[in-house]
Amino acid sequence: MSKRDYYEVLGVPKTATKEEIRKAYRKLSKQYHPDLNKEAGAEQKFKEVTEAFENLSDENKRAQYDQFGHAGPNQGFGGFGGGAADGFGFEDIFSSFFGGGGSRRRDPNAPRKGDDLQYTMTIDFMEAVFGKETEIEVPREEACDTCSGTGAKKGTPVNTCSHCGGSGQISVTQNTPLGQMVNRRTCPHCQGTGKIIPEKCNTCHGAGRVIKRKKIKVTIPAGVDNGQQLRVSGQGEAGINGGPSGDLYIVFRVRDHERFVREDDDIYLEVPMTFPQVALGDEIEVPTVHGNVKLKIPAGTQTGTNFRLRGKGIKNVHGHGIGDQHVIIKVVTPKKMTEKQKELLREFASIEGSSPDEFSSSLFDKIKRTIKGD
């Protein structure tokens with residue numbers, strides 16, 4: 001059965017960047033990993049995805065695949081060899097001018113830092129205001145316990161690749177009109193690891209790493225806002241060859257509050273009031289995130305008036321003080337009124353050419369009592 005196109009396997013276009021290829025692989029490998037997916041054919045798809053990633057994530061192998069496909073360069077250009085070329089090539093040029101080799105080789109067995117992870121956490125409005133200690137569960141790659149990260153079946157050896165001598169790279173010699181050119185490429189026999197595993201571990205299938213769900217304690221800082229992130233050092237994926245673990249980045253999504261609206265470290269609250277309250281003045285109780293407070297409303301307050309309660313907002317997440325709460329007054333027009341209430345309003349409307357201060361207090365008191373139903 002012929003192999004599927006590697007780009008098709010990963011679901012990316014041929015113009016995909018290295019990062020897009022990596023993201024596609026991470027998503028599909030977790031979807032089809034045998035430890036997480038027990039459906040028939042999942043293991044085969046996992047192997048197919050892994051093979052596609054190994055070929056497309058390496059620039060040299062990807063260029064070779066784009067040119068020759070699965071068949072590979074079987075003819076022309078002088079063939080491939082495991083050692084250095086005898087002819088004149090790029091390595092000779094670099095040696096002549098700089099006194100060294102033409103390429104830097106990365107040791108495949110050198111310690112490497114693990115990948116960083118991102119976790120999206122949804123929290124309530126009040127949790128964002130005051131912070132909270134909680135625990136999350138994050139899926140991440142760690143060394144396989146069965147084989148201790150070697151990828152080999154217990155009791156079986158891990159051999160040094162005889163084709164590259166454990167370097168993970170081979171010399172590729174090409175004949176050109178100018179002579180022979182020598183390039184370094186990832187060893188196709190060991191996939192650049194420098195090792196050959198005759199008998200693979202039944203748990204990790206030779207990868208040396210498995211996906212585990214790790215419980216991590218997290219302290220949500222007080223004042224964190226929507227979209228901000230928290231870095232948890234060393235809680236990303238495990239390092240390779242003894243390297244340090246990556247970091248975990250937690251991105252916060254804050255749910256809206258039923259009454260409070262946040263802008264930076266300030267809080268806005270709209271308070272409905274009746275016409276008698278704003279016309280005659282009143283003292284009301286206003287909710288804040290720190291508890292209820294009393295607020296005096298002066299007589300003649302207009303709808304849209306903003307009263308500031310200093311220090312009743314949100315603590316700045318970086319420690320730069322505390323915000324304020326803004327109380328916005330909204331005068332509410334009653335939708336239903338009794339005949340007596342209507343009569344009083346008609347009496348109020350019939351008085352022309354006079355300001356509210358000239359109205360008798362008895363009329364206002366009467367209106368206030370009537371609307372409240374006293």
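**Figure 1. Ser-148 sits in the loop between S2 and S3.** Strands here are DSSP E runs of at least two residues, helices are H or I runs of at least four, and both are numbered from the N terminus. The phi of Ser-148 is near 60 degrees, a positive value in a residue that isn't glycine. Ser-148 is also exposed, at a relative accessible area of 63%; exposed means over 50%, buried under 20%, and partly exposed in between, using a 1.4 Å probe and protein chains only. What you're looking at is a predicted model, where local features need pLDDT of at least 70 and side-chain atom pairs count only at pLDDT 80 or more, while totals for chains, interfaces and linings use all residues. Residues are numbered from 1 along each chain as its sequence is written, and side-chain values use heavy atoms, with hydrogens and water left out.

**Figure 2. Gly-151 is in the loop between strand S2 (132-143) and strand S3 (159-160).** Gly-151 has 0% relative accessibility, so it counts as buried. Setting aside neighbours within four places in sequence, the contacts of Gly-151 (heavy atoms within 4.5 Å) include Ile-197, Glu-199, Cys-201 and Cys-204, along with Gly-206 and Gly-208.

**Figure 3. His-205 belongs to the loop between strand S6 (195-196) and strand S7 (209-220).** His-205 isn't a glycine, but its phi is positive, at about 60 degrees. With a relative accessible area of 23%, His-205 comes out as partly exposed.

Figure 4. For Cys-187, the nearest cysteine sulfur is that of Cys-190, 3.8 Å away. Cys-187 is buried, at 0% relative accessibility. What about Cys-201: how far is its sulfur from the closest cysteine sulfur? That one is in Cys-204, at 3.8 Å, which is too far for a bond. Cys-201 is buried as well, with 3% relative accessibility.

**Figure 5. Helix H3 (residues 42-56) packs against helix H4 (residues 59-68).** Their axes, lines fitted to C-alpha atoms over the stretch in contact, are compared by N-to-C direction on a scale from 0 to 180 degrees. The angle is about 100 degrees and the axes are 6 Å apart. That makes H3 roughly perpendicular to H4, a label covering 65 to 115 degrees. On the H3 side the contact is made by Glu-54, Asn-55 and Leu-56, and on the H4 side by Lys-61, Arg-62 and Tyr-65.

**Figure 6. The largest nonpolar core has 19 residues.** Such a core is a set of buried Ala, Val, Leu, Ile, Met, Phe, Trp, Tyr and Cys residues joined through side-chain atoms within 4.5 Å. Met-273, Ile-284, Val-286, Leu-295, Ile-297, Val-327 and Ile-329 touch the most other members. Elements giving two or more residues include helix H6 (125-130), strand S12 (282-286), strand S13 (293-297) and strand S15 (325-331). S11 provides the largest share, four residues. Beyond four places in sequence, Val-327 touches residues including Leu-269, Val-271, Phe-307 and Leu-309. Apart from this core lies another, of 17 residues, among them Tyr-25, Phe-46, Val-49 and Ala-52.

How values were computed
A disulfide is a pair of cysteine sulfur atoms within 2.5 Å. Angles under 35 degrees count as roughly parallel, over 145 as roughly antiparallel, 65 to 115 as roughly perpendicular and the rest as oblique.
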